[in-house]
Amino acid sequence: MLIRLDSGYHFRRAVPSHIRDIIGKREIWHSLGTTKRHKAKSYACEIYAITERLFSSATRIMEELTESETFIMDELPDDVRELFASLIKTYRHEIQTLKTKNKQQELKHNLHAIELIQETEKAKDIAEQGIHLLQKTIKNIKQLKTPTATALVDIQSQINEMKAFLKPQETKPSPLFSESVPIFLATKVKAKSTVIKSYQMTFRRFLEVCGDKPIRDYTGEDAGAFRAC
């Protein structure tokens with residue numbers, strides 16, 4: 001059902017042989033517009049449900065017509081052909097609606113990310129302005145005949161705190177999941193071999209579903225995708 005190509009994931013499903021003349025295809029393909037498996041899987045499930053309704057409706061009508069599997073579409077009465085055409089049109093409309101909804105959700109997510117970046121940049125600008133004003137204040141105080149030592153210390157402390165806020169945080173690289181597995185298993189020295197094998201099978205399946213990434217990069221979506229598989 002899920003096909004991974006260079007362009008991303010695709011939905012693929014064979015059309016049952018007895019309704020291929022109605023659908024006009026041997027297979028149904030839809031681009032899922034993503035390279036992330038957990039998103040593609042959720043999207044594909046929705047397309048599967050819509051496709052299943054189409055196949056079920058076409059099959060039910062054929063059974064009512066008691067036609068053989070080799071019937072010719074053009075030989076059916078006009079009203080019956082219009083009914084099949086309406087089913088296909090409804091299917092295409094539902095697929096297009098689903099694609100539009102997914103694009104809107106992706107756009108909304110991207111806009112939210114942009115807003116967060118803008119807010120962060122705004123906070124940095126304010127902090128940099130604050131540093132400039134504090135440094136100017138220190139300069140003015142030093143020019144006084146009797147500068148207050150406490151005031152200078154307090155202001156310099158504020159400057160240091162704001163500079164620390166603006167400085168990019170240095171974080172240690174997070175190990176890959178595959179690198180952490182042997183370390184974890186090494187701690188289970190008293191575990192039974194069946195338990196170790198169970199761990200190994202679970203970890204292999206997790207890598208298949210979520211991919212091998214630095215542990216810090218996994219999200220709740222990855223956990224949800226793994227539970228759903």
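Q: Why is Arg-12 called partly exposed?
A: In this predicted model, Arg-12 has a relative accessibility of 36%. Buried means under 20% and exposed means over 50%, with partly exposed in between. The value of 36% lies between these cut-offs, and therefore Arg-12 counts as partly exposed.

Q: What makes the contact of Glu-27 with Arg-12 a salt bridge?
A: The closest N and O atoms of Glu-27 and Arg-12 are 2.6 Å apart. A salt bridge requires a side-chain nitrogen of Lys or Arg within 4 Å of a carboxyl oxygen of Asp or Glu. The distance of 2.6 Å is within 4 Å, so the pair qualifies. This pair links distant parts of the chain, for Glu-27 belongs to strand E3 (residues 27-31) and Arg-12 to strand E2 (residues 8-14), 15 residues apart.

Q: Is Glu-27 buried, partly exposed or exposed, and why?
A: Glu-27 has 30% relative accessibility.

Q: Why is Arg-13 called buried?
A: The relative accessible area of Arg-13 is 16%. Because this is under 20%, Arg-13 is buried. Its partner Glu-52 has a relative accessible area of 31%. That value falls between 20% and 50%, so Glu-52 is partly exposed.

Q: What makes the pair of Arg-53 and Glu-94 a salt bridge?
A: The side chains of Arg-53 and Glu-94 meet at 3.4 Å, N to O. As 3.4 Å is within 4 Å, the pair is a salt bridge. Arg-53 is in helix H2 and Glu-94 in helix H3 (residues 78-142), and the two are 41 residues apart.

Q: Why are Arg-53 and Glu-94 called partly exposed?
A: Arg-53 has a relative accessible area of 44%, and Glu-94 has 26% relative accessibility. Each value lies between 20% and 50%, and therefore both residues are partly exposed.

Q: What makes Arg-205 partly exposed?
A: Arg-205, found in helix H6 (residues 193-210), has a relative accessible area of 33%. Since 33% lies between 20% and 50%, Arg-205 is partly exposed.

Key. Residues are numbered from 1 along each chain as its sequence is written. This is a predicted model: local features need pLDDT of at least 70, side-chain atom pairs count only at pLDDT 80 or more; totals for chains, interfaces and linings use all residues. Side-chain values use heavy atoms; hydrogens and water are left out. Helices (H or I, at least four residues) and strands (E, at least two) are DSSP runs, numbered from the N terminus. Buried means under 20% relative accessible area, exposed over 50%, partly exposed in between (1.4 Å probe, protein chains only).
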